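I opened this entry to keep track of what I looked up in one protein model. The notes follow the order of my look-ups.

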Amino acid sequence: MKAAKDVPIRASAAVLERILASGHPAVIVFETPECDPCQALRPILDDLACEFSDRALVLRVADAREGWLAARYHLSFVPTMLFCRDGR
């Protein structure tokens with residue numbers, strides 16, 4: 001997958017799995033489209049993506065309501081931010 005690293009990457013659950021399998025460091029933000037705090041966080045994510053573009057990817061996962069995804073990452077509310085390195 002080729003994408004600019006200086007902007008947050010909008011990732012589906014499948015893309016998220018591929019990126020985690022690569023072992024690349026990533027900040028993952030789980031959100032939903034109707035979440036006001038998620039929308040307020042977006043400019044901050046833009047800044048993070050620029051500042052850390054040489055060290056980590058910033059991913060926005062918008063389908064956080066999917067049951068298996070919420071269970072796997074222990075999501076109880078959105079937005080939720082996780083840092084993953086080496087696939088964990």
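Accessible areas here come from the Shrake-Rupley method with a 1.4 Å probe. The model is predicted. With that noted, I looked up the surface: the protein chain exposes about 5,200 Å², and carbon and sulfur atoms supply 56% of that area.

**Entry 1: the whole chain**

I listed the elements of the protein chain and found three helices and four strands. From the N terminus on, they run β-α-β-α-β-α-β.

I then checked the dimensions. The C-alpha trace spans about 30 × 30 × 20 Å along its principal axes. A compact globule of 88 residues would have a radius of gyration near 12 Å, and the protein chain has 12 Å, so the two agree. I noted that buried residues make up 40% of the 88 residues.

For contacts between residues at least 6 apart in sequence, I found that 81% join residues at least 24 apart. I also looked up the charges: there are 11 positive and 12 negative ones, and their mean positions are 6 Å apart.

I placed Arg42 in helix α2, which covers residues 36–51. Is Arg42 buried, partly exposed or exposed? I recorded Arg42 as partly exposed because its relative accessible area is 24%, and buried would require under 20%. Leaving out residues up to four places away in sequence, Arg42 touches Glu31, Thr32 and Arg60. I also took one distance to Glu17: Arg42 is 25 residues from Glu17 in sequence, and their C-alpha atoms are 22 Å apart.

Which side chain is joined to that of Arg60 by a polar contact of 2.9 Å? I found that it is the side chain of Glu31.

I went through the loop between α3 (67–72) and β4, where Pro79 is found. His74 is found in the loop between α3 and β4 as well.

I checked the backbone at both residues. Most residues other than glycine have a negative phi, and most peptide bonds are trans. Phi of His74 is near 55°, a positive value. The peptide bond from Val78 to Pro79 is cis, with omega near 0°.

I recorded His74 as exposed because its relative accessibility is 70%. For Pro79 I looked up contacts, not counting residues up to four places away in sequence: Pro79 touches Val29, Phe30, Cys35, Pro37, Cys38 and Leu41. Pro79 and Ile28 are 51 residues apart along the chain, with a C-alpha separation of 10.0 Å.

**Entry 2: Thr80**

I finished at Thr80, in strand β4 (residues 80–84). At a relative accessible area of 13%, Thr80 counts as buried. Which backbone oxygen lies 2.4 Å from a polar atom of the Thr80 side chain? I noted that it belongs to Phe77. Beyond four places away in sequence, Thr80 touches Ile28, Val29, Phe30 and Leu75.

Note on methods:
Residues are numbered from 1 along each chain as its sequence is written. This is a predicted model: local features need pLDDT of at least 70, side-chain atom pairs count only at pLDDT 80 or more; totals for chains, interfaces and linings use all residues. Side-chain values use heavy atoms; hydrogens and water are left out. Helices (H or I, at least four residues) and strands (E, at least two) are DSSP runs, numbered from the N terminus. The radius of gyration is taken over C-alpha atoms; the globule rule is 2.2 Å times the number of residues to the power 0.38. Buried means under 20% relative accessible area, exposed over 50%, partly exposed in between (1.4 Å probe, protein chains only). Contact means heavy atoms within 4.5 Å. Lys and Arg count as positive and Asp and Glu as negative; His and the chain ends are not counted. The place of a charge is taken as NZ of Lys, CZ of Arg, CG of Asp or CD of Glu. A polar contact is a pair of N or O atoms within 3.5 Å; within protein, one must be able to donate a hydrogen and the other to accept it, and residues adjacent in sequence count only if both atoms are side-chain atoms.
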